[in-house]
Amino acid sequence: MTKTVLALRHVTFEDLGAFEATLLDGGYAVQYADLGLDDLSSFDTPDLLAVLGGPIGAYESDIYPFLDDEIALIGRRLQAGLPTLGICLGAQLMAGALGARVYPGRGKEIGWKALTLTPAGRAVLAPLDGLPVLHWHGDTFDLPPGAINLAATDLCDHQAFAIGRHALAFQFHPEAQQKGFERWLIGHAAEISATAGVSVPGLRIATDRYAKAAAAAGKACLRNWLSKLG
């Protein structure tokens, strides 16, 4: 039987990116749920839930009420030990669903730079070691109970975490690829113009330089994690 992945999408251009091909190759049928539009209760329980990025805060359910249902769904899956993958906002929502605090970080982190892997991270994220990866966030989170920290940067102590074999969360964007990146530059135009030291031309040049290798390494990390789900 075909396995299924349900990707919770907050803005259309922050999709599964390079990860989609890896999931399809792994025998998954991919379905998207667009938050703020789709009713999450109308979807069957997937084999894998992927919670994607977006330009809102995980703590802003008073402004975006759909977050309450989304966090509840994530929490139920994590408590049940069901495979769950989070990227950026998705990682923050996973942390929040487990009771960890999500809050503004020490500064906005937008652009390409390498991670510092923890000893545990060197096992899980080894293909990314030393490679610049895409960062695009202003918030961070405390490490949730039972989670193992995998990576850090100078501005963000928790760049990735794992819980057992069933949950993996990235604060950065290992799914980012050169194809379609222009949509990010359009969709985040206001944030780019408001962030010192960040520019559309600079991001475009860095993406041309780093995205191919980073996407290949990110896909290798995902394949390795999927192979251990059982």
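A: Buried means under 20% relative accessible area; the model to which this cut-off is applied here is a predicted one.

Q: What makes Phe161 count as buried or exposed?
A: Phe161 has a relative accessible area of 0%, and because the limit for buried is under 20%, Phe161 is classed as buried. Phe141, with a relative accessible area of 1%, is likewise buried.

Q: Why is the pair of Phe141 and Phe161 called edge-to-face?
A: The ring centres lie 5.6 Å apart with 80° between the planes; since rings pair if their centres lie within 6.5 Å, and planes over 60 degrees apart count as edge-to-face, the pair of Phe141 and Phe161 is an edge-to-face one.

Q: What makes this pair a link between distant parts of the chain?
A: Phe141 belongs to strand β7 (residues 132-141) and Phe161 to strand β9 (residues 160-163), so that the two partners are 20 residues apart.

Q: How do you know whether helices α2 and α3 are roughly parallel or roughly perpendicular?
A: Helix α2 (residues 66-80) packs against helix α3 (residues 89-97) at an angle of about 70°, their axes being 8 Å apart. Angles of 65 to 115 degrees count as roughly perpendicular, and α2 and α3 are therefore roughly perpendicular to each other.

Q: Which residues make that contact?
A: On α2 they are Leu67, Glu70, Ile71, Ile74, Gly75 and Leu78, and on α3 Leu93, Met94 and Ala97. By class, the contact of α2 with α3 comprises 7 nonpolar, 1 polar and 1 charged residues.

Methods:
Residues numbered from 1 in each chain as written. Predicted model: local features only at pLDDT ≥ 70, side-chain atom pairs only at ≥ 80, totals over all residues. Heavy atoms only, no water. Axes fitted to C-alpha atoms, helices over the stretch in contact; angles between N-to-C directions. Helix = DSSP H or I, 4+ residues; strand = E, 2+ residues; numbered from the N terminus. Parallel < 35°, antiparallel > 145°, perpendicular 65-115°, else oblique. Contact = heavy atoms within 4.5 Å. Nonpolar A, V, L, I, M, F, W, Y, C, P; charged D, E, K, R; others polar. Phe/Tyr/Trp six-rings, centres within 6.5 Å; stacked < 30°, edge-to-face > 60°. Buried < 20%, exposed > 50% of the residue type's maximum accessible area, 1.4 Å probe, protein only.
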